[in-house]
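Hi,

Here is the structure I promised to pass on.

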Amino acid sequence: MRRPCSRRQFLGGLAVGTAGLVAGCSSSQTESDANDAFTVALERDPTREKWDVYNGITPYFTHVFEPLVGVTDEMQTEPLLATEWEAVDETTWEFSLRDGVTFHNGDPLTASAVVDSFTRVFEQWSWVPGWIGVEPDGVTVVDEGTVRFQTTEPFPAFPGTISHNYFGIQHPDATDTPVGTGPFRVTNVESQKSVTLTPYEGYRDDAERPSELTFKWIEDPNTRLLSLEKGSIDVAQTIPKSRATSVDDASETAIETQLTPSAGLVAVNLYKSPTDDELLRQALNWAVDQAQLVKSALNGIGKPARGPISSVIPWAVHDDLPTYGPDRDKARDLVEQSGYDGETLSILVNSENADDGTVAQILNGWFSDIGVESKIRQVDPASFNDTFTAGEAHLTLVGFGSNSAACDYLIRAMFHSDGSDNRKLHERNGTGVYNPGPEVDRLIEDGYRAETMAEKREHYGEVQKRVVNTGAIIPLYYNEHVLGRQSNVSGIDGHPIGKMLGWSTLERK
Amino acid sequence: MPSNRLTQVGAGIVLALLVIATFGPTLSPYDPAEQDLQHRLEAPSAEHPLGTDQLGRDVLTRLLHGARLSLGVAAAVTAVRLVVGTLVGLLAGYAGGWVDEALMRLVDTLLAFPGIILALVIAGILGPSLVNVMLALAVVGWASYARLVRSSVLSLREREFVTAARLLGRSRTHVVARHLVPNAIAPVVVLATLDIGGVILGTAGLSFLGLGAQPPTPEWGTMLASGRNHLREAWWLVNAPGVLIMLTVFGFNLLGDSLRDALSPTQSAQLGEL
Amino acid sequence: MTDPLLRIEDLHTQFGTDSGTVHAVDGVSLTVERGEIVGIVGESGSGKSVTARSILRVEDPGRIAAGTIALDGVDLTDATDSTLRRIRGDSVSMVFQDPAETLNPVFSVGEQVAEAVRIHDTDGSQRLLDYLNVPLFRNRSAWTDAHERAVELMDQLDIPNPEHRSSGYPHEFSGGIRQRAVLAIALASDPDLLVADEPTTALDTTTQAEILDRLRTLRDERELGILLISHDIGVIAQTCDRVIVMYGGKVMESGPVTDVLTTPEHPYTRALLACSTRNVDADERVTALEGRPPDPLGGHDGCPFAERCDHVTPACHNGDVPTIECGENHRVVCSEAPLSDDSAKIERKTETTMSAAETQPSEPHTEVNREKVAPNDEGTR
Amino acid sequence: MAVVLLGVSLLTYGMIFVTPGDPARTILTQQMGGQTPTPAAVEQFRAANGLDDPFVVQYARWMGGVVQGDLGQSYYSDQSVSAMIVQRLPNTIELAVASMLVAVAIAVPAGIVSAVNPESRADYAAQFGSLVGVSMPNFWLGFLLIIVCSLWLGIFPVAGAGGVEYLVLPALTLGSGMAAVITRLVRTAMLDALDAAYIQTAQSKGLRERIVVYKHALRNALVPVVTIIGLQLSYVLNGAVVVEVVFQRPGLGTLLVDAIFARDYPIVQGVTLLIGVIFVVTNFAVDLTYRRLDPRIDLKGDTA
């Protein structure tokens, strides 16, 4: 049970001045003490989204809105609001809606509501059409139970792409509180503080659900964890990995980890001397001990990687990728053989992520072991991407994860010549950052259009092999999401995509 | 007024810090960058008096090396503030007229800003690095020196020995250099001593917000800021730099206070109004 | 005969300082009767002010090493703090020198007088919050009565339209009015003894005359005993019934004003009178007294005035100096007295004009000040 | 004062133009979750927000809005900057007032104790203690307080904003820093007051020692203390930025930090301007209270 707040008067001895200021700890805690009410602390403010989309609350975590397509634990698509969908032709999809689904205010789910939800998203962000390959007018009503999507070019992975929470279906009329079709409805929104939900009785399954769910915003990871340790919250999202073991060992708290579709890796600049020398790139790979890295930098939370794509993603070919099993002597030989002349390599790191800083320092240490000098350059989040895509650094710590079932855009963004990481330099002077070249581009395009998963795996697998072989990247780890919870709270429905964690089966012993 | 006992304590601390800053590197038992991933986050022990950090590096060594860096940064920023402030103060005080008016409006504007917030905006936009932090803190902090120097120049200007020097045909620069600066310098030195503490805390604050020195540089503020992620298991990681920073700022404040008491009443009054 | 109002018997008041003990008062005896004004005169550092302060032990007065102070027969020397506190302002009040300083600048004059009235109308219990005028704890009726009484008092002391002026702040009044207000405070509880330490030094002559007049009327109307401390012989001559001449912490000569000032027996009294401009014609030079007042450290036997005395003999330097009766309770403490007649007769001028040059700077606090003043500084005035 | 306010607004708005990097591109990348925006999108964004106009035009347009209380539009959320500020201001003011109260509550007694018995152990303890407060980086102090008071003693919530009990730890963190300066000032002021002649008058009236100290001496000592409290506001606003992040109080501090990192310039400019204005206004208000407190100073400002 959560520790009741003690009645003791605060520091009676403190000067008379503050006596008036502090009454005993007030009993009206925000979270009700009922047994099945839960509080989840989030890293980002759940109440600061765009008002005319999702009525200002976050589409992630809350399960107030449901997209047409769901994502299984194996990152496959599954029916959600759409029972089934078929590709009428190469560029047209038709989704038939589940019947009997009602919005929280009782109105039935209709095709026009789906079209309206998509239009809202298109209006809000101009870059969405480019992302999902559908123009704003490409979403039309066939009949009240069917919606048609017109893609600009053949896109087999389209259904997976719209499983993203951004495409959760909302009620068409402007309402003051957010209205969706999800298992939870919104009862209270305290701006910049919290969103409180209660179960939606009219939901299609009548499973047992917590009586109240509150998503609280606690930005600083340490403060978030301290609140967990204090007992004022039940679940803390993304706690510092460095503290995970001690939280797990403590009696009142425990942790839950989940392998995610995102991977941490070093993008090696293929077009900037001296990392344009393949031998040097391979030498660097030989110097890195992924298992040791995960153990010391990530406190054991994460899976040592062999390639750039997390093994959770269906078309990742983790097992049959070449490995550089750490061997410092081989690395030193390769450095001698390479044209490396002692120039200092720059390691670009995003200052927002504390773990990246630690990883970079470990790499810095290992590289100097094999005689390669390097210097860490930490850059703030806003200008990190600019600096990276301008190819200013030799090595850049990047981490790419997908928030939807379609992870194709990951491999495209990283290794395709006009993928988002390489486009700027490719258009300017035909180079890029870590796109190996036209051969790999063609493989990516074939994989993109592959009808079956096996075909996709074969094309994308070849891309992964080549990228690892030529040392365009230095694989590091597949990211494990870690959250803290009270030891007597269980039933968190884990999911590779952190933002899709399920809370319906939460219970307190 | 703290009697001389507190002054001795203050001077003692500052002296000890200078010794650490100069001889630190030679005194330190290990190489600050040498990682030992097998001995990560070990509690203080015989061979690691202050334990090891998340990469197995010896915390004591990094603190000793960091001393030169942190104090160097603080001294450099304070020096820049002092020089710029004194120049502007002298110019405004001595030139008078619209020059004085314009400069003083600028000073008032800068003083109207809580320093750290302005520094945060500058450092935030320029990106995280020790140089940016130093630049931001320097740009922000010189105004108080300017106002102090100007007020002491104004009060000195009327004094006989200045007018006498002018009567003897001394050039303006001579008067400024020979007469005004020596007299104005005492309160400025005191302000600088009191200011160094503020700069050190400012650097630590900016590091906490993610704008500090680039890893793996062992700067105290950054070590304190990154140590916070191991708050409870590796308590020494955050408390060792914390205590050191506290002692440093405490030492400088004590020294500053006692120097201030050695000033003449008028000088300390000028200082007091800041 | 009944006990005198105030009896001080062989008083020794000393201060511990870093460089030894200061014997500020080195064996002083005096008495003050009701309805009598007794003056103590002497240079700075003669211990006159310390003697006055030893009575009420106000503001770090130093340690009474020996001797007794009795008020109406009651011995005060080893009185407990609370008994002393009850006497202060009730049976014995004090008036200080500079009215600009002795009134609290941030409280109205009426408030400060009313406070004095309040202290002595209640049973001696003073509750902090009541005196801080904190709304809930404020004894409203007591304060209003006190304010009315304060206005009456100010009126008795001829402060113009007191009802209106009582809410004014000290800096809005002239020196004279302020000193009257201080007097009002002192008289709030109708005391028996008033100790006035240089009350008129900071005032111009006309205001000074008014205040001294006021003291005399108080003596007559209220049978008030007044101990008046001054360095200005004119003030003493003009106001006091008896005078005590002090030097180096000891009494040199005491007796009725008329005898002592017209036929001074003690060489120091004569020197004092000689250098007072009052007794000199316009064209004559004022004779100054060479040498410096004695170093109070360590105390000394024999006559403290020995080094500077024209009639000094070896006997003066050691042993205790005899006290000689030379007239109806006119005593002199000098081994050479009575001196030959020639230098004795000094005509005393009647009018009380006082030239500015002659006013002595205020008597420094002999007790050790806080850090600012170096320990052995007081002797170098 | 008006000139300074103008200076503050010029400095705030100008700051952004001096810095390198094209705001439009950085913001769009940020909005797109890391993908690089197309040049067309960047152009469209610049036009929409008038970033191509010369500095003077943009500044005039911004100032036009400021005068009517409209501080412009945030790039990310569609709330106006003024609305966001109004929402968060109470939290920061609450924290500022509470920490000043704590500072005074610590400093005034400490100052009195060390003044009433100088050079004693209490004197050193008071000075030593208050100096420690100001020497500790406040986020370190904040975390230590959370661990001690919240986790071990369990008498306070860890973070968040709400009732009074949410205010105590942040106010303690910030207030202890300010206590040092005020303690020193109270000590010196009290020493001077206790030395003054009117204390002798008070004592000779037969007043109890406590009343002499707490009424006559303290009242005089408080006059300079009030001015220093006004000037301490800058310390509070400085510290608030960090303390609000540690204690998760959605105030101006966290708003500014997030806006800086997200390059949300309208918010950065709006908040910085507001803080500058608050600062100038309080300095002015402090002057007024100073006059009212010390009757010797009449409005012309010359002391008697």
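A residue counts as buried here if 20 or more other C-beta atoms lie within 10 Å of its own, as exposed if 12 or fewer do, and as partly exposed in between, with C-beta atoms placed from the backbone. Helices (H or I, at least four residues) and strands (E, at least two) are DSSP runs, numbered from the N terminus.

Please keep in mind that this is a predicted model, in which local features need pLDDT of at least 70 and side-chain atom pairs count only at pLDDT 80 or more, while totals for chains, interfaces and linings use all residues. Residues are numbered from 1 along each chain as its sequence is written, and chains are lettered from A and ligands numbered from 1 in the order in which they are written.

Let me start with chain A. Of the 16 residues of helix α10(A), 13 are buried. Just after α10(A) comes A:Gly371, with a positive phi of about 85°.

Chain A splits into domain 1 (39–217) and domain 2 (259–480), with bounds from an automatic or database domain assignment. Their C-alpha centres are 33 Å apart. Between them, 14 residues of domain 1 of chain A are in contact with twelve of domain 2 of chain A (contact means C-beta atoms, placed from the backbone, within 7 Å). On the domain 1 side, β2 (69–71) and α4 (158–161) of chain A each give two or more residues.

Next, a helix where chains C and D come together. In α9(D), residues 197–204, seven of eight residues are buried, among them D:Tyr198 and D:Ile199. The buried residues pack against α1 (48–56), β6 (92–95), α3 (99–102) and α8 (175–186) of chain C, and against α8 (168–195) and α10 (209–231) of chain D. After α9(D) comes D:Gly206, with a positive phi near 95°.

Chain C also has an open, antiparallel sheet of four strands in the order β2-β1-β4-β5. Its edges are β2 (20–32) and β5 (74–75) of chain C. Strand β1(C), residues 6–17, pairs with β2(C) over ten bridges, and C:His12 has C:Asp26 as its bridge partner. Strands pair if DSSP finds at least two bridges between them.

One caution: pLDDT, the predictor's confidence in each residue from 0 to 100, stays under 50 over residues 342–381 of chain C.

Best wishes

Technical notes
Two residues are in contact if their C-beta atoms, placed from the backbone, lie within 7 Å.
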